[in-house]
Amino acid sequence: MNTINNKKIAIVGGGPGGLTLARLLQMKGANVKVYERDFNKDARVQGTTLDLHEESGLKALRQAHLLDEFKKKYRPGADKLIIVNEKAEIFFSDHEEKPEEDFGSEHFRPEIDRGPLRKMLLESLQPNTVMWDSQFVSMEKEGGGWLLHFKNKASAYADIVIGADGANSKIRPYITGIKPFYSGVSGVLSVEGVYNSETTVPKIHNLLKGGKIMAFGGGKCFTVAAKGDGDLAFYVSYKVDESRLRNVDFSDKEQVLAWFRSDFAEWDNMWLELFENAETTFIPIPIYSMPLDQTWQALPNLTMLGDAAHLMPPFAGEGVNMAMLDALELSDCLYNENFSDIQTAIASFENQMRKRAAEAAQGSLENGDKMHSVTLVR
Ligand SMILES: Cc1cc2nc3c(=O)[nH]c(=O)nc-3n(C[C@H](O)[C@H](O)[C@H](O)COP(=O)(O)OP(=O)(O)OC[C@H]3O[C@@H](n4cnc5c(N)ncnc54)[C@H](O)[C@@H]3O)c2cc1C
C-alpha cells in the first residue's frame with residue numbers, strides 16, 4: 001500500500017506515542033507532521049520516570065534504530081527498587097543483586113526521564129516535523145481527509161489523522177463516544193517534584209540511592225523516583241471517593257499540607273517533608289481506565305493510539321510501553337501490502353491494539369487494587 005506516501009499524515013500530540021510513530025513513518029518515507037500544544041521543544045517535560053519493556057517500548061525503539069541512542073540516555077540503576085512501609089522500614093531491596101545493564105532480557109526494564117526520551121525522539125525526526133504551539137481544538141471533513149483547527153487560529157489539511165493526544169484526547173470523540181471510568185483510586189502528583197533532593201530531603205534521598213521507592217501503608221501508596229538531574233519525582237495514591245480531592249485547592253501549599261496530614265495521618269514525617277519541599281504545582285489525578293471491552297468501527301482516515309485510545313492506571317508501568325508498541329504496529333499496518341486499503345489497515349491495527357491494551361489495563365487495575373489494599377507489618 002505504497003499509496004500512503006502520497007498522503008499527508010497529521011499526528012496530534014507529541015508525547016512518546018506520537019513521536020515514535022512519526023519516526024517510524026518517516027523511516028518508511030511518509031509525509032508526516034506532528035501538531036503539539038507545547039510552545040516549543042524546550043518546554044520542560046515533567047512527571048515520573050518511565051521504564052521501558054523489552055517486548056514493547058524497547059522493541060519499538062529497536063525498530064526505530066534508536067536503541068543505541070537510548071543506551072546513552074537511560075539511567076543505569078534507576079530501575080532498582082526499595083519497598084518500605086509508612087515508617088520507612090525496608091521490606092525488599094534489589095539494589096545488591098540486580099545487574100546495571102541487561103538489554104535483551106525480558107526482566108530488564110531500564111528507566112529514562114521523560115525529558116531525555118522526548119529529546120531523543122525529536123532529534124530523530126526530519127527538521128520542521130513538529131508544529132509547536134498547535135493545540136488541536138476541532139476538525140471537519142474536507143475532501144477525502146480532515147481540516148484541523150488549532151487554538152492559535154491556524155488550520156491544516158491532512159488525509160489521515162492520528163490522535164496521540166493523551167488521556168483527555170480531543171481527537172477520540174471523532175472516533176467513539178466511549179468514556180473512561182473511575183478506577184476508585186486517586187493520586188496527587190508533584191509536577192516538578194523536589195529539586196536537589198540530596199540537600200532538601202536527605203532521608204528520602206539516601207533511601208532512594210538513585211532508584212525508586214514504593215511505600216505502602218494502610219491502603220495508601222507513595223511512589224518516589226530519582227531523576228538524572230539530582231531532582232526527584234513523586235506521587236501518592238489511595239482509594240478515595242473522587243469528590244474528596246475536588247475539595248482541596250492544590251495550588252495552595254497550606255491546603256495541600258493540611259490534606260496530606262489528614263489523609264496520610266499514620267505516615268512518618270519524612271513523607272510530609274516531600275510535600276513541604278516540593279515545588280508548588282500539585283495536580284490531583286483521579287485515575288481512570290477505558291472499559292476493557294471497548295470497541296468501535298474503524299474509519300478510513302482517522303485512528304488513535306496510546307492513552308487517547310486506552311487510558312489505563314499507571315500501576316503496571318505499561319502506559320508508555322503500550323503507546324510505543326501501538327506506534328510500531330500502526331506504522332507496520334499502514335505499510336502492509338496485504339491490506340487492500342487504509343481502512344482495512346486501521347481496522348487490523350485497532351483490533352490488535354484493543355486486545356493487547358485490555359490485557360495490560362486489566363493487569364494495571366488488579367495491581368492497583370493490590371497496591372491500595374496492602375499493609376506491611378513486621
Ligand atoms: C502519575 C503517573 C505515573 C505514570 N507512570 C508510568 C510509568 O511508570 N510507566 C508507564 O509506562 N506509564 C506511566 N504513566 C502513563 C504514561 O505517562 C502514559 O501512558 C504515556 O505518557 C502515554 O503516552 P502518549 O504518547 O499516549 O500520551 P502523552 O504522554 O499524554 O502525550 C500526549 C501529548 O499530546 C499533547 N496534547 C494533548 N492535548 C493536545 C491537543 N489538544 N493538541 C495538541 N497536542 C496535545 C500533550 O502536550 C502531550 O505532549 C504514568 C502516568 C501518570 C499520570
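Helices are DSSP runs of H or I with at least four residues, numbered from the N terminus. The model described here is predicted. Two packed helices are described by the angle between their axes and the distance between the axes.

Helix 1 spans residues 16-27 and helix 4 spans residues 114-123. The axes of helix 1 and helix 4 come within 9 Å and cross at roughly 25°. Angles under 35 degrees count as roughly parallel, so helix 1 is roughly parallel to helix 4. The crossing of helix 1 with helix 4 is left-handed. On the side of helix 1, the contact involves Pro16, Leu19 and Thr20, which meet Leu117, Arg118, Leu121 and Leu122 of helix 4. Five of the residues in this contact are nonpolar, one is polar and one is charged.

Helix 1 also packs against helix 11, with axes that come within 8 Å and cross at roughly 30°. Helix 1 and helix 11 are therefore roughly parallel to each other. Here the crossing is right-handed. Helix 1 contributes Pro16, Gly17, Thr20, Leu21, Leu24 and Leu25, while helix 11 contributes Val320, Ala323, Met324, Ala327, Leu328, Leu330, Ser331 and Leu334. The residues of the contact between helix 1 and helix 11 comprise eleven nonpolar, three polar and no charged.

Helix 11 (residues 319-334) has a further partner in helix 12 (residues 342-371). The axes of helix 11 and helix 12 come within 9 Å and cross at roughly 155°. Since angles over 145 degrees count as roughly antiparallel, helix 11 is roughly antiparallel to helix 12. The crossing of the two is right-handed. From helix 11, the contact is made by Met322, Leu325, Asp326, Glu329, Leu330, Cys333 and Leu334. From helix 12, it is made by Ile342, Ala345, Ile346, Ser348, Phe349, Gln352, Met353, Arg356, Ala357 and Ala360. Twelve residues of the contact of helix 11 with helix 12 are nonpolar, two are polar and three are charged.

The ligand has 32 residues around it, of which Gly17, Glu36, Phe136, Asp307 and Val320 come nearest. Gly17 and Val320 also take part in the contact of helix 1 with helix 11. Val320 has a backbone N or O atom 2.9 Å from an oxygen atom of the ligand. For Phe136, a backbone N or O atom lies 2.9 Å from a nitrogen atom of the ligand. Arg118, which belongs to the contact of helix 4 with helix 1, places a polar side-chain atom 3.0 Å from an oxygen atom of the ligand.

Note on methods. Residues numbered from 1 in each chain as written. Predicted model: local features only at pLDDT ≥ 70, side-chain atom pairs only at ≥ 80, totals over all residues. Heavy atoms only, no water. Axes fitted to C-alpha atoms, helices over the stretch in contact; angles between N-to-C directions. Parallel < 35°, antiparallel > 145°, perpendicular 65-115°, else oblique. Left-handed = near helix turned anticlockwise from the far one by under 90°. Contact = heavy atoms within 4.5 Å. Nonpolar A, V, L, I, M, F, W, Y, C, P; charged D, E, K, R; others polar. Near = heavy atom within 4 Å. Polar contact = N/O pair within 3.5 Å; in protein donor to acceptor, adjacent residues only side chain to side chain.
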